[in-house]
Amino acid sequence: MSLSLRDKSLFRQQAFIGGLWLDADSGRNVPVYNPATGAELGQMPWMGAAETRRAIECAEQALVSWKKMLSKDRAAILRRWCNLILEHQEDLAQIMTAEQGKPLSESRSEISSSASYIEWFAEEAKRTYGETIPAGKKDQQLLTIRQPIGVVAAITPWNFPAQMIARKCSPALAAGCTVVIKPAPQTPYSALALAVLAQMAGLPDGVLNIVTGKAGEIGDEMTANPAVRKLSFTGSTVVGKVLMEKCALTVKQVSMELGGNAPFIVFDDANLDFAVRHVLASKFRNSGQTCVCANRIMVQSSVYDEFATKLTSAVREIKIGPGSNENTTLGPLIDDRAIDKVDGLVRDALSKGAKALIGGTPHNAGALFYAPTVLTGVTQNMQVFHKEIFGPVAPLYLFEKEEEAIDLANATRYGLAAYFFSRDVGRVWRVSEALEYGMVGANSGTLSSEATPFGGIKESGIGREGGKYGIQEFLEIKYINMGLE
Ligand code: ADP
């Protein structure tokens, strides 16, 4: 192991099932690489359907007592988990940067935001209220109670290896559900380190399980097994649709956080320097590998050239390199496939008349680095308009009128996040209402927090994570009609 951790026990190369650290039945492991250097970081068990089935059985057994525990006792365990995560923030950040590539400063803030989600849902555990309903007859009392859905399966991506787990598991556990997680194969170690701390916090065996290995087989078992009552997925729209179809056979509930194609609209009355600062945060964080990254930057014609010049100067200041260097602000992409995709989109745009004001090619910092790029003259007939870039590429589109910008922004099957910049209060309200998106940043390029509902509409997903809404995804409403003698 190339990592120097204060607490070496956080780095686990085994899966976590029923409170035990286990290898695959077959004994087979696969390597996990550091995307900045290509060096092997370690191994992870290559598990499949049988191990997943056993993890689900463990979760089913653990559910019996976990759901009966007083919610304040569940909250206390979650709170301890949160505190342990904060105590081990530096080690967890080192693990994340090593396997995912993002700059250490971003890993540290992801760890603290993961802890914030857990803290929030520990508090929400105590507030799963039911209601009384005025009855239409004198001999009845009508009421509702909220009960945990049951065993939850969670499939998470590599771009936020800790936060996605915190965002799904803490509300599920707070609600009284038990969980089986399949982390992304690129980033298993952040997930496993969180499990070490959950065990240390006193989470009973089987309440949280992590299975690593073959995505298809694990996913098939999770979706087919009748004991699983809910699937919470974050990843691509393509895979989300397949999983929804599979869940239909046992009528499982689903929460889906899928792809996005975020517009970022700059109107001519915007504060351009402020908008540039926000587009940098929205576009280049995590090397552009987030589902809420600005994907289509639309700029009104009278400020287009000035905005492009300001953005290019700001992009020139970006420090590209391994995330483990303290001064790095842009790390590598996750794998070869990501580089090929980003480069293909840029080449397509350039071949159809776009211009690169900066970047436009892979970067010589390493095999998985792509130069931060600003493209001008981008139009709807280029692939980059329709695809989620997932890379550090800022394409600038030109528009004349407000209605045109809104039509352009909504001309996509996605509906996750949208941003716009304007100082006209009437326009701020009008555009906020007109954008067909689950989340809107009005003079803001960042959105996510534990206190607010994160989620999309259209083909960007179903359900909300965070805020007072997040825990409801893991609770069923039971209606009770009490007859009175
Ligand atoms: P990305 O292309 O960004 O990796 P994916 O949607 O492919 O996004 O991956 C998100 C998560 O879904 C990962 O944990 C991945 O292993 C998992 N996954 C991919 N394909 C399947 C599948 N067929 N069944 C279950 N999980 C899958």
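A residue counts as buried if 20 or more other C-beta atoms lie within 10 Å of its own, as exposed if 12 or fewer do, and as partly exposed in between. Keep that scale in mind as we walk through this predicted model.

**A proline in a loop**

Let us start with Pro362, which sits in the loop between strand S14 (355-358) and strand S15 (373-376). Leaving aside residues up to four places away in sequence, Pro362 touches Ile339, Asp343, Phe369, Tyr370 and Ala371. Val346 is 16 residues from Pro362 along the chain, and their C-alpha atoms are separated by 10 Å.

**The overall fold**

Stepping back, the protein has 14 helices and 20 strands. Its radius of gyration is 23 Å, close to the 23 Å that the globule rule gives for 485 residues, so the protein is as compact as a globular protein of that length. The C-alpha trace spans about 75 × 65 × 40 Å along its principal axes. Buried residues account for 53% of the 485 residues. Among contacts with a separation of 6 or more, 72% join residues 24 or more positions apart.

An unreviewed UniProt entry carries the annotation "domain: Aldehyde dehydrogenase" for residues 21-480. That span is 39% helix and 20% strand, and its end C-alpha atoms lie 42 Å apart.

In soluble globular proteins, nonpolar side chains tend to be buried together.

| Core | Residues in core | Some members |
|---|---|---|
| Largest nonpolar core | 82 residues | Leu78, Trp81, Ile118, Val179 and Val180 |
| Second, separate core | 66 residues | Val315, Leu330, Ile339 and Leu396 |

The members named for the largest core are those with the most contacts inside it. One of them, Leu78, touches Ile118, Phe121, Ala122, Ala125, Ser170, Leu173 and Ala174, not counting residues up to four places away in sequence. Ile339, listed in the second core, is also one of the residues that Pro362 touches.

**Around the ligand**

Which residues come nearest to the ligand? Of the 13 residues around it, these are Ala215, Gly219, Gly235, Ser236 and Val239. Helix H7 (215-224) and helix H8 (237-248) are the elements that give two or more residues to this shell. H7 gives the most, with three residues. By class, the shell holds seven nonpolar, five polar and one charged residues.

Methods
Residues numbered from 1 in each chain as written. Predicted model: local features only at pLDDT ≥ 70, side-chain atom pairs only at ≥ 80, totals over all residues. Near = placed C-beta within 6 Å. Helix = DSSP H or I, 4+ residues; strand = E, 2+ residues; numbered from the N terminus. Nonpolar A, V, L, I, M, F, W, Y, C, P; charged D, E, K, R; others polar. UniProt positions renumbered as here; feature names shortened; annotations may be inferred. Rg over C-alpha atoms; globule rule 2.2 N^0.38 Å. Contact = placed C-beta atoms within 7 Å. Core = buried A, V, L, I, M, F, W, Y, C linked by C-beta atoms within 7 Å.
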